[in-house]
Each structure stands twice: as structure tokens, then as C-alpha cells.
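Reader: I would like to learn how to read salt bridges, cores and strand pairing in a model. Please start with the general idea each time.

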Amino acid sequence: MADEMDLGSIVISWSVQEIIDDDLYRGQVEAIPCTFTSLDHYFKSYRAPLLEETRSDLCSGLELIAEAPSSRILSMEAAGKPRLYSMDVDFLDNGADSSTDSYTARNGDIFILSNMKPEAAAGFSRYGVIYCLAMVTEVSVDNDCRKGFKIKVPKDIDVEQDSSKLKHAIFLSNIMTNIWIWKALCFHTHMDNNFTVIKSLLAPTNTGHDVCGICVKQDGNCLSSFLEQLLSISLNQSQVDAIRSVILAVQCKHMNLTKLIWGPPGAGKTKMVSALLWVCKEAGFGTSLFQRLVMLKFEKHLLNMQYRMDPCIGLFPIAQFYKRKILDGPNVVSPLYNKEYASLPFGSYTFINIVDGREDKEGTRNSWRNMVEVAVVLHLIHTIFKCMSKLKPYLIEPYHPNLKPLLVFNLIFSWERSGQGLSIGVVSAYSSQVDEIRRRLGKKYDTCDSFRVRIKSIDGFQGQEDDVIILSTVRSNGRGAVGFLADNQRTNVALTRARHGLWIVGDANTLSKSGTVWTDIVDDAKRRNCIFSATNDATMHKLILQVKQDLGELDDLLNADSAFFSNTRWKVILSDKFRKSFTELKSRQLRREVLQKLVKLGAGWRTKFKNVGIRDTFQLAKVWKIRDLYLIWSTDLEKSERRKLEVPLIWDVEHNLVHYKKDCAVNAQKDNDLVDRAYAMENSEVTESFLLMKFYSLSSGMAKC
């Protein structure tokens with residue numbers, strides 16, 4: 001009888017006396033046998049022990065019934081199906097422990113519904129006490145004062161008649177995990193007895209041989225290369241033989257082999273497992289269950305139409321991972337699909353290039369983070385919030401005729417007109433990045449019912465989707481190292497979670513050098529003109545500067561591609577001595593002032609102090625005083641790589657090749673900064689790459705540190 005019922009129905013059919021009876025399943029719980037006659041025999045062997053474990057857990061809850069969370073039942077009414085009822089309760093308190101947070105109900109919670117709250121389990125046996133067990137099947141929160149449950153009750157209890165007498169809901173335990181296990185043990189009742197996959201995976205092929213004969217012949221140099229990598233670990237021969245046997249079994253596509261490795265304590269089993277993990281991916285240990293079934297020649301059926309992604313989002317993953325065999329559904333190609341999201345600042349698909357990030361590991365954690373990307377991600381979330389909302393004015397009539405109407409503004413979200421909310425998903429391959437974004441975002445948008453933000457790892461986002469996905473790639477280095485971000489399956493998941501907008505935040509240079517799928521992603525974004533440099537946005541520009549200053553990483557900005565110099569009219573080149581002297585500056589504020597002066601110079605600004613204390617007949621050197629330091633630079637010409645022109649060292653001012661015009665549209669700034677009009681000229685024919693500024697060491701000559 002129990003085998004035909006779900007676990008929840010079995011549990012709520014128990015009485016309190018049965019729960020506290022330690023002998024309830026004594027005759028049915030037997031030792032798990034070593035061998036099984038069938039799959040059904042295997043599964044049934046675990047059902048009675050699971051029932052006993054569930055009963056024992058509820059019994060422990062009954063022993064502490066006086067301290068159990070409880071609530072006053074406000075109402076109960078039929079929910080439309082037999083044995084299902086909707087129940088409203090007030091806040092669940094925690095009994096004697098008032099210092100803890102309020103209890104929150106979950107699906108799978110087991111309650112005792114009673115007309116009183118006894119101090120002990122024996123109290124339920126008293127004359128006049130009415131009770132029944134109930135299981136929560138659905139939880140909803142109406143407001144701050146009432147909580148609603150849908151509950152399932154035993155069929156032999158007349159709740160309609162006794163509902164007016166049931167006043168208390170007393171929590172015992174949550175059995176959801178056990179329900180999942182029970183469904184796995186009884187799964188054959190709703191899977192048409194299809195055991196083909198299970199038998200193939202759980203029934204190893206016992207041929208009496210250590211390895212597959214076919215694979216041994218085809219092994220070639222593959223296995224030898226693995227074993228050569230293990231030489232540095234100093235394994236003995238028995239350990240090498242064991243690893244060889246396991247690798248051959250994993251790589252075999254013809255037989256289902258199972259290998260057992262054993263030995264006494266101190267024989268090096270842990271060391272051998274570590275060696276296996278060292279070569280696990282190359283040896284095939286990273287193969288998914290789906291891939292293994294494909295290798296076993298199971299037929300696979302392709303679902304060839306997608307109904308989630310805007311076509312701009314799905315263009316690359318469909319081509320890269322599905323060989324363009326996937327079609328866009330009629331809903332996503334409709335002009336109405338993205339109508340409410342047309343005002344998103346970065347469109348449906350954009351790669352936001354961050355060149356000034358720095359990857360690092362916090363403390364002892366072995367996970368990467370990138371604080372510049374954290375700041376940019378938070379800025380993007382806030383940008384979406386502002387972009388998709390507006391203030392709507394309305395008047396409140398006064399209570400007294402002598403008072404004027406009050407003008408009030410309400411924050412209205414554009415997506416609320418259609419009755420929908422907006423969901424933002426932030427994903428990253430690295431747990432440290434996820435934790436840092438969560439910590440800094442906090443509960444900022446928790447009170448916005450129509451604006452939801454969730455932050456998860458890529459692995460934690462499988463099977464889920466959101467309106468807009470912001471993907472933080474984190475990695476930023478000159479080597480092109482991207483770690484397990486290179487995994488195609490993980491990348492596929494990350495790129496296919498968004499419905500209306502996918503914004504990738506990352507270092508295009510690092511990802512492009514990786515030689516992985518991310519090289520193709522960056523190239524594809526360039527071809528489609530979907531790359532946006534964060535330095536082109538004034539707000540992001542200032543944000544990056546602030547983050548770098550807060551982290552003491554301003555020296556990272558001393559390169560031509562940084563947020564400082566990427567948009568200047570003059571190309572800026574810094575000598576190695578200048579970089580060294582800059583890093584020796586102790587004051588963060590002084591570093592910031594130096595960088596600001598460099599940016600002004602790159603934009604065409606000049607100082608009125610020229611060649612202070614410097615003997616320069618040709619007046620090639622320029623000087624700008626910053627506190628007690630002197631910034632020294634010169635102006636030079638550089639041959640353009642884009643236009644094959646040769647510029648003579650000296651030419652006549654009336655020469656037709658080059659025509660200069662004065663740039664006098666710049667006003668003088670504070671702190672006596674002036675425009676050097678002799679140098680602030682724009683070349684109207686020769687490209688700006690001819691304009692070159694060279695900066696010399698701050699610590700050399702007149703400069704002081």
C-alpha cells in the first residue's frame with residue numbers, strides 16, 4: 001500500500017502515536033543486501049529505511065513541541081481539489097526562542113493542525129483534543145501581516161467539519177528532501193519502465209579482462225602522454241597501473257567498464273586520486289552524462305526552435321554551438337517582442353570593453369574577481385533602472401478648501417503598463433565575483449516589486465532566464481589566460497540566458513588572446529560593430545578612475561589604451577623611467593593630480609610656465625609644475641601606419657601637403673592653466689596619430705618624490 005502512495009500522503013496519514021512508535025517499521029527495515037535480483041528489488045530495499053528515517057525525524061520534532069514554531073490559524077477553505085485547502089495564518093513565531101528571526105514556511109513543511117497547543121506530545125492524546133497532520137504544498141505572502149499556505153490533509157479527516165475548531169498550526173519538520181528521494185526510488189511508476197539508460201550505466205560489462213581490447217590497440221601515444229605527465233609525482237608501479245586502467249575505462253566507447261582501486265591506509269590512494277584529477281580533463285573525466293550516452297550510440301533528437309532569445313542574442317551561440325540548425329520562434333522575431341525594451345541603453349547585444357580592470361584573488365580564496373567590472377556591473381543595473389522608469393505627476397486634493405492641491409510624483413516603470421516586471425540576471429564564472437557583486441548591491445532594489453535582480457554563477461543559472469543578462473568575464477591579463485571560462489558548455493549557458501538584452505563585460509584584449517571560443521566571441525562582436533569601449537562613456541570613465549584610486553591601482557592607467565588616454569587628441573607615450581617615478585609617489589591624491597594633468601595635456605592644454613630652469617635653445621622641452629614636482633614633456637611627430645606618407649623634418653608653411661589651423665575654442669581653466677596656441681593646432685589632413693607626446697621621468701633632474 002505504501003509503495004502506491006507518495007511520501008507526503010503517507011506521512012500526513014500518520015497519527016502522533018504512530019510517529020512516536022519506534023517499532024512502527026521495525027519488521028520492514030532490513031539490511032541492504034549486497035546483490036539484487038532486479039532494479040525493482042534494488043529500489044524497494046531503500047523505501048522502508050527512508051520511511052523510518054522520516055518518522056524518526058518527525059518524532060524528534062514532537063519531543064520539542066513546546067519550542068516549535070507555531071501560528072494562529074485565521075481561516076481555512078477548500079482549494080478546489082480533494083484534500084487541498086487554502087489556509088491563512090499570522091506570523092509564525094519561534095516559541096520560547098524570541099531572539100531568532102521569524103520562521104518562514106516552505107513547501108514540504110509538516111504541520112500539526114490542532115485546537116490547542118500542548119506542552120508535550122502526550123497532550124494530543126487528551127480528551128477533547130482535535131488534530132491532524134498537514135503538508136504545505138504552496139506558500140504565498142499577501143502582505144506584512146498575513147501569510148497564506150496551500151496545504152494537503154489526510155483523506156480520512158473531515159476538515160470542513162472540524163476547521164472551525166482547528167486554531168493552531170505547529171511546525172514539526174520539512175520532508176522535501178525525502179520526497180525527492182522517494183520519487184527517485186519510485187520513479188518507474190511514471191517513466192513507463194524505461195530502464196535502458198539506467199541499466200547501461202549501472203550494469204558494468206564483466207568480460208574478465210582488465211581493459212577493452214579495441215581501445216588498447218587504438219591507444220597509440222595518447223595514454224603514454226598522460227603517463228609522462230605523472231612522472232613528476234613519483235608514483236610507484238601499482239599506482240601507475242591503476243591510473244592506466246582507469247583512464248582506459250573512461251575513454252572506452254565500446255564497453256561499460258567499472259574499476260575498483262583499494263589498498264591499506266598509507267598506500268597512497270589520496271595521492272593517486274590527486275594525480276587522476278591533475279589530468280582529468282584531458283583523460284576524459286570531464287565528460288558529461290549526455291556526452292557519455294552519445295558515445296554509447298544513444299539516439300539524440302534536436303529541438304530546433306528557440307523561443308527565448310532576441311535574434312541578435314542568439315546569432316553567435318546558434319552558429320557556434322548548434323551549426324545554425326536552430327530556428328527563431330515566431331514570438332522572438334515579432335516586432336512586439338522587444339517593443340518594451342527598445343530604450344535599453346546598450347541594445348540587445350553589446351560587448352562592453354573594460355581595459356583598466358585587474359584580476360585578483362581575495363585572501364586565501366582560489367577564485368578570481370575584478371573590482372572594476374564589479375563597479376561597471378552595478379552602474380549598468382542602476383542605468384537600466386533609471387532608463388526604464390520615469391516620474392509621473394499627479395495632484396492630491398487638500399482636506400481644507402483654503403489649502404492648495406499638492407503635486408506628487410510617482411515612479412512609474414515602463415514595463416508595468418503591460419503588467420510585467422523586469423528581471424535582471426548578473427552571471428559570472430567565478431564565485432568571488434558573484435559574492436562581491438552581491439555584497440555591494442545589497443538590498444538596494446528589494447522593495448521594487450517590478451524590478452528584480454539576481455546574481456548567480458554560470459553553473460547556478462542553468463535552466464533559468466531573465467530579461468537582461470549582464471555577464472562579467474573577470475579575467476584581465478596580458479597572457480590571454482581565461483581558466484575554465486574557456487569551457488564551451490559553460491560559455492553556451494552564459495550566452496543563452498537572456499530574453500531581450502545580453503551585455504558582456506570584459507577585457508576584449510585578454511579574451512581575444514585566449515585562443516578559445518572567447519576569441520571568436522570578440523571577433524564576432526567586432527564584425528557586428530557590437531563592441532563598446534567603457535572609456536567612451538563619461539560616467540564609466542569617472543567611475544573607473546574612482547575605483548582605481550580607491551584600490552591604489554592608478555599606475556594601471558599609464559598605458560595608451562587606458563580610460564585616461566584612449567580618447568585624447570594627442571597620442572601619449574610614457575617612458576619607463578616616468579612609470580617608475582610615478583609608482584614611487586606615496587600620495588594617492590598626488591597620483592590623481594598627475595594623471596589629470598596628463599589627460600589635459602593630451603587634450604591640447606598647455607602651461608604658461610615654459611622651460612623653467614632648463615637651458616633649451618630649441619625650446620623642445622615643456623614643463624608643468626605640480627606641487628613640488630615638475631612634469632617634463634616634448635612634442636614629436638610619428639609616421640602613421642594607416643597612411644603611407646613621409647613627412648619632412650622641415651617644410652615650408654605654404655606647402656600644400658599639410659594645412660594647420662589654430663584651435664582657439666578652448667578657454668583658460670582655473671589654477672592658471674592656459675592654452676599653448678602655438679602647439680594647440682589641429683592637422684586637417686594628416687591623421688592624429690602624427691601627434692605624439694613623450695613624457696620623461698618625474699624623479700629625474702628637477703622632479704622630487
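Author: A salt bridge is a side-chain nitrogen of Lys or Arg within 4 Å of a carboxyl oxygen of Asp or Glu. This is a predicted model, in which local features need pLDDT of at least 70 and side-chain atom pairs count only at pLDDT 80 or more, while totals for chains, interfaces and linings use all residues. Residues are numbered from 1 along each chain as its sequence is written, and side-chain values use heavy atoms, with hydrogens and water left out.

Reader: How many salt bridges does that rule give?

Author: The count is 21. One of them joins the side chains of Arg-55 and Glu-52, at 2.8 Å from N to O. Both residues lie in helix α3, three residues apart, about one turn of the helix. Helices are DSSP runs of H or I with at least four residues, strands are runs of E with at least two, and numbering starts from the N terminus.

Reader: Is Arg-55 buried or exposed?

Author: Buried means under 20% relative accessible area, exposed over 50%, and partly exposed in between, with a 1.4 Å probe and protein chains only. Arg-55 counts as buried because its relative accessibility is 2%.

Reader: What about Glu-436 and Arg-440?

Author: Their side chains meet in a salt bridge of 3.0 Å, N to O. The two are four residues apart in helix α16, so about one helical turn separates them. Glu-436 is buried at 4%, whereas Arg-440 is partly exposed at 45%.

Reader: Which parts of the chain does the pair Asp-467 and Arg-499 link?

Author: Asp-467 forms a salt bridge with Arg-499, the closest N and O atoms being 2.9 Å apart. The pair links distant parts of the chain, strand β16 and strand β17, 32 residues apart.

Reader: How do I read a nonpolar core?

Author: A nonpolar core is a set of buried Ala, Val, Leu, Ile, Met, Phe, Trp, Tyr and Cys residues joined through side-chain atoms within 4.5 Å. The largest here has 35 residues, and Ile-384 is among those that touch the most other members. Helix α15 gives the most to this core, with 11 residues.

Reader: And strand pairing?

Author: Two strands pair if DSSP finds at least two bridges between them. Strand β1 (residues 70-78) pairs with β6 (residues 168-174) in the antiparallel sense over three bridges. Ser-70 has Ile-170 as its bridge partner in β6. β1 also pairs with β2 in the antiparallel sense, over five bridges.
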